[in-house]
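Welcome, and take a moment to look over the model shown here.

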Amino acid sequence: MDRLPEGLYEKLIDEELQQQLAEHPDVKPVLRALDDEAAPHVYSQFVAQLLTQALRILEPERRRPLLNRLLDLLSATDGLDYLRRKQLLRTDKPVLSALGASADTLPRPVTPLATSTLLTGLGHDPPLEHELRAEMATADHVDILVSFIKWSGLRLLMPAFERLAERGVPVRLISTSYMGASDPTALEWLVGQPNVTVRVSYDTGGTRLHAKAYHFLRDSGFSTAYIGSANMSHSAMTQGLEWTVKVTAQDMTHILDRFAAEFSAYWESEEFEPFTHHDFRRFRQAIAAYKARQHTGGTFFADISPRPFQLRILEALEAARQRGSYRNLVVAATGTGKTVVSALDYRRYCERKGERAPLLFVAHRKEILEQALACFRAVLRDQNFGELWVGEYTPNVHRHLFASVQTLNRQRPWGSLGAEFFHYVVIDEAHHGAASSYRALLEALKPDLLLGLTATPERMDGSSILPDFDDDFAAEIRLAEALEEKLLCPFHYFGVSDSIDLSDDRLWQNGRYDMRELENLLTGDDFLARQRVDTVLKALERYQPNLDGVRAVGFCAGVRHAEYMTDCFNRLGEAYRAAVLLGDTSPELRDERLREFRDGRLPFLFTVDVLSEGVDVPDINLVMFLRPTESLTVFLQQLGRGLRHAPGKECLTVLDFVGQTHRRYRVDTKFTALLSGQRQRLDREVEADFPSLPPGCSIQLERVARQRVLSKIRSVLNDLNHFIPEALRTWSLEVGKPLTFGRFLEETGLSPVQVLAPRSWSEWKAKADRRSPPP
């Protein structure tokens, strides 16, 4: 037998081990007695390991009989006859997973209840906050031990805490004021729950409590605990590389017993004092005193060299051109630096040409052109590069132009300069390219390279921009991928149950909401409009109760609606100070309001679409969708305003008001865009509380909002034109087998005629991949 490696052991002596030791007498073994108290656990571990090895070797049909023979042997021993009733039965479904009248609807953690596991925040691990919410849904008692609690973390668990309160489940929580990290509003909200008892340590600088643990006790015996490095904060529970061990009572009972004993000791310790309504002021003073001693310096950001993801896009563009494609479309999520990519690509092109080649950068807004010019100047390190051709700006040289599409249509410079004058042409927000205003320049210009930039190539009217770009995406980084790579700030999306009914046919005209009718409904002194404002204020109170540092943008149905919301907020006092930012706002007033907004002196801006494209304000940390948005492009642009990183910004809070919508309104597209590529079918994602989001992100729908969203999604999926592409996109995660036509029919229950009558199999797959159908 092989010689045993030297080192430490904790292994029972069996015949095989005894023989190994005898064959190598030169190695001195150190033996010890087995403690009677530890013996049952040690022996059971020994047998469990052997059983696992044996059962893996045996064919499935021989496993149950073997286990029953072992039970026969045990039950024949004096005092163990009760084990006869543990004989395993032969059945197709041998595992009891839930019990009760509504057991089949109970949320369930992704990780098992009977096997301990490790969560690292990477790979396919479910987010910790998703697991904690699922555990809380079925716990009969909860104990929580964390150094600090942030509002951004608590609000992810608030619905679960509220359900615990409804069921009368006792919750004990221990925390501290350590380093001034806790948000007082979070602890105060918890104390306000009738079933939650809190104890805290007021030692802000030297507390000994660094443990982070969550214990979920169940009367069924299937208790669990999460022990690791995650405090109750957004970053710890959703995006940090926090390691957490999930311990179960079924395989590590001794750990949970120790947890319970230590927690009780802390609970009775004088260091941790009861925290009630009478202690709010004292705790706030302790936090404020610590923060007053802290000082932070400024941060400088520069982004001229390509980042890794931008290098990938540049390499993809190079590969496309080597294949003979010189009309290239880059699809990149709002906020990922599409303009920087175009500037870097232009710089490479110029380096190969040996000159600053003639350039035309086209956009439809002055703000976009101003920012693009500044970006190109920074990348090229030339503050004299380029000229604007928009509004009051008129170029002198015409060699490097940043021009509006409106100006180009009026002036038509290709007539005098020639169709081939501009060697390099950029079309920003290229999803507008199918519009008639872009046709003249796209059809007239003949550049060496044409580069289109967009976050969302899909258009509401069904027209495609791909024919202008060789029918393909040269490079693509969608929102979910950008969030996974932490190129953007994560979001916490809250679907708020709205009080307004938007299902009436009079509100719907020409495939979209009639904004005039919407404004009539959402403004004025009538009860419905005031009730809607109250719904917005209550949502802010619930999800963002502390308005210090808030920089919020509300997207409104129209000018009247924006002015109405501004007036309502200004009546509430300085904390709700608001202003409008509209298309006809003068440049001077717009700059002043944006400056006040960035400085924190103006916490709320209400707009219609000024901030959808072109205005870059990374400081935005709260977005309110105060109107339904039919266009996925507009939704992602408006969401993207708040997804840019900024110093001190943890995440973007999104309040979306989900009311009764018109039967033709598509609510599914926005959720599809927010989810990772590897996901379940959309209705199942909603039912499971969105487990497939990018790291750090969360979607929570209030009860009524959830019902409305599910109803709309199921209605959409009843249409094969939507169901088949959705089933194809989610195939790998849902089914996990190679995709074939026969297997697809088998899994979906559809007939060949149902699938192939409207489209060929190849066309369906192209539609699912959002590609042009094969010729």
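Predicted model: local features only at pLDDT ≥ 70, side-chain atom pairs only at ≥ 80, totals over all residues.

Most residues other than glycine have a negative phi. Arg412 counts as partly exposed because its relative accessible area is 43%, which falls between the 20% limit for buried and the 50% limit for exposed.

**Other positive phi values**

- Lys486 is not a glycine either, yet its phi is positive, at about 60°.
- You can find Lys486 in the loop between α16 (479-484) and β16 (491-502).
- With a relative accessibility of 39%, Lys486 is partly exposed.

**The chain as a whole**

- The protein chain has 775 residues, and 49% of them count as buried.
- Its secondary structure comprises 29 helices and 24 strands.
- Taken along the principal axes, the C-alpha atoms fill a box of roughly 105 × 65 × 60 Å.
- The accessible surface of the chain is about 38300 Å², and carbon and sulfur atoms account for 51% of it.
- Among contacts in the chain with a separation of 6 or more, 72% are between residues 24 or more positions apart.

**Helix α2 against helix α3**

- Two packed helices are described by the angle between their axes and the distance between the axes.
- For helix α2 (residues 39-57) and helix α3 (residues 60-75), the axes come within 10 Å and cross at roughly 145°.
- Which residues meet where α2 and α3 are in contact? From α2 come Leu51, Leu55 and Arg56, and from α3 come Arg63, Leu66, Leu67 and Leu70.
- The residues of this contact divide into 5 nonpolar and 2 charged, with no polar ones.

**Helix α29 and its cover**

- Helix α29 spans residues 761-768, and its buried residues are Trp761, Trp764, Ala766 and Ala768.
- What covers the buried residues of α29? The cover includes α25 (720-729), α27 (741-748) and α28 (752-756).

**A nonpolar patch on the surface**

- Leu118, Trp243 and Val245 form a nonpolar patch on the surface, and together they have about 290 Å² of accessible area.
- Leu118 belongs to strand β1 (residues 117-119).
- With a relative accessible area of 37%, Leu118 is partly exposed.

**Salt bridges**

- How many salt bridges are there? The count comes to 39.
- One of them joins the side chains of Glu392 and Lys366, at 3.2 Å from N to O.
- Glu392 sits in the loop between β11 (387-389) and β12 (400-404) and Lys366 in helix α12 (residues 366-380), so this pair ties together parts that are 26 residues apart in sequence.
- Is Glu392 buried or exposed? Glu392 counts as exposed, at 55% relative accessibility, whereas Lys366 is partly exposed, with a relative accessible area of 25%.
- Another salt bridge links the side chains of Arg714 and Glu687, at 2.4 Å from N to O.
- Arg714 lies in helix α24 (residues 703-717) and Glu687 in helix α23 (residues 682-687), so the pair ties together parts that are 27 residues apart in sequence.
- Arg714 is partly exposed at 38% relative accessibility, and Glu687 is partly exposed with a relative accessible area of 39%.
- Asp668 and Arg666 also meet through their side chains, in a salt bridge of 2.7 Å from N to O.
- Asp668 is buried because its relative accessibility is 9%, which is under 20%; Arg666, at 29%, is partly exposed.
- There is a network of salt bridges too, linking Arg577, Glu596, Asp599 and Arg601.

How values were computed: Residues numbered from 1 in each chain as written. Heavy atoms only, no water. Axes fitted to C-alpha atoms, helices over the stretch in contact; angles between N-to-C directions. Helix = DSSP H or I, 4+ residues; strand = E, 2+ residues; numbered from the N terminus. Contact = heavy atoms within 4.5 Å. Nonpolar A, V, L, I, M, F, W, Y, C, P; charged D, E, K, R; others polar. Patch = residues over 30% accessible without salt bridge, like charges linked within 9 Å, V, L, I, M, F, W, Y side chains within 5 Å. Areas by Shrake-Rupley, 256 points an atom, 1.4 Å probe, with all protein chains shown as cover. Salt bridge = Lys/Arg side-chain N within 4 Å of Asp/Glu carboxyl O. Buried < 20%, exposed > 50% of the residue type's maximum accessible area, 1.4 Å probe, protein only.
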